[in-house]
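User: Hi! Could you walk me through this model and how its ligand sits?

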Amino acid sequence: MIDYSRYDRVRAVRWEGDALHLLDQRRLPLEEVMIRCEDAQAVVAAIANLTVRGAPAIGIAAAYGVVLAARTKADAFGRVNADAIAGELATLRASRPTAVNLFWALNRMGEVLRAAGSVAALESAAIAIEREDLSANRRMGSLGAALIAPDSGVLTHCNTGSLATAGFGTALGVIRAGVAEGRISRVFHTETRPWLQGTRLTAWELLKDGIEAHLIADSAAAHLLASGKVQWVIVGADRIAANGDTANKIGTLQLAVLARHFGVRFMVVAPRSTVDMGTASGADIPIELRDPAEMLNFAGTRVAAEGVQALNPVFDVAPAELIDAIVTELGTITAPDRDRMAASFA
Ligand code: MRU
């Protein structure tokens with residue numbers, strides 16, 4: 001049994017009935033500040049500027065954004081017409097392009113809107129999306145940890161913990177479960193440049209849990225994997241295509257290539273809501289390009305000479321053939337390919 005009071009202590013997305021409260025991930029770990037979103041536009045801004053980030057958390061926040069939009073347009077009986085909030089739904093859809101959980105959540109909310117047309121039904125649906133994500137993460141924690149032999153070392157990338165989800169996390173949930181079950185003896189995580197989700201967020205979560213871990217520079221991954229200290233690279237996902245190709249934080253592809261080269265196994269952990277059977281392969285996944293300023297500045301200070309240009313793609317695609325296992329709450333797919341994906345998610 002996992003002690004969730006130790007291994008799941010943070011909530012980044014909190015619905016408090018009147019407004020959506022988000023832990024501002026731009027300011028962690030130096031400051032723990034909650035941002036209050038009272039309308040859909042504030043939620044759109046929070047998703048776009050990374051106040052809230054991580055594929056499942058983005059979907060959950062967007063679902064509550066729909067509730068906020070509906071509330072402003074509802075009649076005296078709490079009924080709302082789908083056309084009345086079409087504009088807000090469109091801006092929520094445009095807030096970030098890669099994580100499919102955003103579109104999955106908005107589609108699900110759209111169905112409730114058309115079928116029930118009430119603020120109360122939308123609020124129940126958003127709460128259900130959040131609760132289902134937490135229980136999916138706990139299930140994936142057990143399924144993923146079961147793949148890991150005792151005394152293993154793991155490397156993870158980006159932040160996939162409570163901050164990125166409804167709680168517990170996807171890849172970080174597997175690491176938490178693996179540590180709690182005594183299977184994982186060594187935890188390493190990357191800094192995840194340029195936004196430093198690893199340095200700022202994953203390190204903070206692991207510290208809170210009392211899990212001993214070491215931060216490495218992204219560029220130290222090959223050296224670490226060559227050392228034999230790591231048996232599994234474990235990552236989350238922003239979108240898994242119908243053939244198993246997986247988009248995740250920039251740098252995931254190089255870890256997948258390295259893992260195969262050094263005989264280290266590679267696990268992707270993501271809820272069913274991250275699987276996009278409507279996208280045939282990784283080549284069809286839109287890759288977000290963010291402001292080059294994220295690379296040219298460090299902690300708000302310009303570090304590159306004026307005039308330097310940068311290209312800032314923030315996701316890449318690990319091809320299915322480099323993935324040993326995809327873990328969702330429905331089960332584990334080993335050596336994923338189009339047929340195995342179809343058999344699980346048709
Ligand atoms: O740009 P971000 O921080 O939203 O990217 C997050 C990631 O890439 C995560 O690895 C992914 O969303 C999985 S989170 C459970």
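Analyst: Happy to! First a term: helices (H or I, at least four residues) and strands (E, at least two) are DSSP runs, numbered from the N terminus. This is a predicted model, where local features need pLDDT of at least 70, side-chain atom pairs count only at pLDDT 80 or more, and totals for chains, interfaces and linings use all residues. Residues are numbered from 1 along each chain as its sequence is written, and side-chain values use heavy atoms, with hydrogens and water left out.

User: Thanks! Where is Pro29 found?

Analyst: Pro29 is in the loop between strand E2 (20-23) and strand E3 (34-37). The peptide bond from Leu28 to Pro29 is cis, with omega near 0°.

User: And what kind of peptide bond joins Arg193 and Pro194?

Analyst: That one is cis, with omega about 5° between Arg193 and Pro194. Pro194 lies in the loop between strand E5 (184-190) and helix H8 (197-209). Leu196 is in the loop between E5 and H8 too, and its phi is near 65°, a positive value in a residue other than glycine. Most residues other than glycine have a negative phi, and most peptide bonds are trans.

User: OK, on to the ligand. Which residues come nearest?

Analyst: Of the 17 residues around the ligand, Arg53, Arg96, Asp238, Asn248 and Lys249 come nearest. A residue counts as near if one of its heavy atoms lies within 4 Å.

User: Which polar side-chain atom lies 2.8 Å from a ligand oxygen?

Analyst: One of Arg96 does. Backbone N or O atoms also lie by ligand oxygen atoms, at 3.0 Å for Gly54 and 2.9 Å for Ala55. The protein covers 99% of the 410 Å² of accessible area that the ligand has on its own (Shrake-Rupley method, 1.4 Å probe).

User: Which elements give two or more residues to the shell?

Analyst: Helix H3 (55-73) and strand E9 (246-249). The shell also draws at least three residues from each of domain 1 (4-136) and domain 2 (140-345), with bounds from an automatic or database domain assignment.

Terms used
A polar contact is a pair of N or O atoms within 3.5 Å; within protein, one must be able to donate a hydrogen and the other to accept it, and residues adjacent in sequence count only if both atoms are side-chain atoms.
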